[in-house]
Amino acid sequence: MRKIPLSCLLLLAGSLSLHAAAQKTTAEGIAEYRALLQDGNPAELFEAKGEDLWKQKRGPRGASLEKCDLGKGPGVVKGAFAELPRHFPDTGRVQDMESRLLTCMQTLQGFDAAEIAKTPFGSGEQKNLEALVAWISAESKGMALNLPQSHASERRAYEVGKRLFFLRAGPHDFACATCHGADDKRIRLQDLPNLTKSPGAGDGFGAWPAYRVSSGELWGMQRRLNDCFRQQRFPYPGYASDVTIALAVYMGVNGKGVKTTAPAIKR
């Protein structure tokens, strides 16, 4: 039997090793890319601004937000993000981070919440809202999602969110579930998390707000959902509406136990 030279064997081994490296999945490649970007995530600038805004005396009443109750008591920020949306007795409704901040900005500082809700994303008080959300979410980074479902309105919001998630409509007959309702789906080079169960729901929901590299801006969950509606060719939902909050409840409850990474960094 003819012997194969050692040099040929080493060359073959090297080729196999390179082939194995080339077989790295798209998801692994994107994960490495994000990990590199996370070091020095521009969201940190928004976090710093958000903390300042929380403490600043602003608005017609010249007050800070330090007495704002995000669900864990007036002024308590740490851990709040991991338990939102939730029911608030003072408003009688389930609220997410953005809608709850609007309530506090109106009741404590005297801002007009309805006017802020109409303001385009990335401008005026909307920009300040996104900074506040960045800081508040960062204070819960690494904590497990644990959205409450003890109140009837919270359970109802979950069921409404579930129906909305699977609702097919629009010119393309799309639903949220079209892209995010099953495992191993991808659009172009982007793996799509399955938001109907853990860990996909937690990885998806728990990463927003996030800094979008493609737009150079920080997006909150309200803005992210608005863009999903745009891609489905649906009419835009109202800012901080029950529709967007119900969808957030559905995703957040499905992701129970997954550790938050917000504010993350996205392509």
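User: Where is the place of Pro199?

Analyst: In this predicted model, Pro199 sits in the loop between β4 and α9.

User: What makes the peptide bond from Ala262 to Pro263 cis?

Analyst: Its omega is near -5°. Pro263 is found in the loop between α11 (242-254) and β7 (264-266). As background, most peptide bonds are trans.

User: What is said of the phi of Arg233, and where does Arg233 lie?

Analyst: Arg233 is not a glycine, yet its phi is positive, at about 65°. Arg233 belongs to the loop between α10 and α11. Ala240, also not a glycine, has a positive phi of about 60°, and its place is in the loop between α10 and α11. Most residues other than glycine have a negative phi.

User: Why is Ala240 called buried?

Analyst: The cut-off for buried is under 20% relative accessible area. Ala240 has 8% relative accessibility, so it counts as buried.

User: What does Arg233 count as, by relative accessibility?

Analyst: Arg233 has 47% relative accessibility. Exposed requires over 50% and buried requires under 20%, so Arg233 counts as partly exposed.

User: How do you know that Asp90 and Arg100 form a salt bridge?

Analyst: The criterion is a side-chain nitrogen of Lys or Arg within 4 Å of a carboxyl oxygen of Asp or Glu. For Asp90 and Arg100 the N to O distance is 2.9 Å, so the pair meets the criterion. Asp90 lies in the loop between β1 and β2 (93-95) and Arg100 in helix α4 (residues 97-107), so the pair ties together parts 10 residues apart in sequence.

User: Are Asp90 and Arg100 buried or exposed?

Analyst: Asp90, at 55% relative accessibility, counts as exposed because the limit is over 50%. Arg100, with a relative accessible area of 3%, is buried because the limit is under 20%.

User: What makes Asp183 and Lys197 a salt bridge?

Analyst: Their closest N and O atoms are 3.0 Å apart, and the limit is 4 Å, so the pair qualifies. Asp183 is in the loop between α8 (176-180) and β3 (185-187), and Lys197 is in the loop between β4 (190-192) and α9 (200-205), so parts 14 residues apart in sequence are tied together. Asp183 is partly exposed at 42%, and Lys197 is partly exposed at 37%.

User: Which residues are linked with Lys72 in a network of salt bridges?

Analyst: The network links Lys72, Glu83 and Arg86. The side chains of Lys72 and Glu83 meet at 3.3 Å, N to O. The structure holds 13 salt bridges.

User: How many cavities of 30 Å³ or more are found, and what volume has the largest cavity?

Analyst: The search of the whole structure finds 2. The largest cavity has a volume of about 120 Å³. Its lining includes Phe81, Trp208 and Met221. By class the lining has 10 nonpolar, no polar and 2 charged residues.

User: Which residues line the second largest cavity, and which element gives the most to its lining?

Analyst: The second largest cavity holds about 40 Å³ of space. Glu98, Phe121, Gln126, Leu129, Glu130, Gly220, Gln222, Arg223 and Tyr239 form its lining. The elements that give two or more residues to this lining are α6 (124-138) and α10 (221-231). α6 gives the most, with 3 residues. The lining divides into 3 nonpolar, 3 polar and 3 charged residues.

Key: Residues are numbered from 1 along each chain as its sequence is written. This is a predicted model: local features need pLDDT of at least 70, side-chain atom pairs count only at pLDDT 80 or more; totals for chains, interfaces and linings use all residues. Side-chain values use heavy atoms; hydrogens and water are left out. On a 1 Å grid over the protein atoms alone, a cavity is a set of points where a 1.4 Å probe fits but cannot get out, and a pocket is an open set with protein on both sides within 12 Å along at least five of seven lines; lining residues have an atom within 4 Å of a point. Grid points are joined across faces, edges and corners, and a volume is the space filled by probe spheres set on the points. Ala, Val, Leu, Ile, Met, Phe, Trp, Tyr, Cys and Pro count as nonpolar, Asp, Glu, Lys and Arg as charged, and the others, Gly among them, as polar. Helices (H or I, at least four residues) and strands (E, at least two) are DSSP runs, numbered from the N terminus. Buried means under 20% relative accessible area, exposed over 50%, partly exposed in between (1.4 Å probe, protein chains only).
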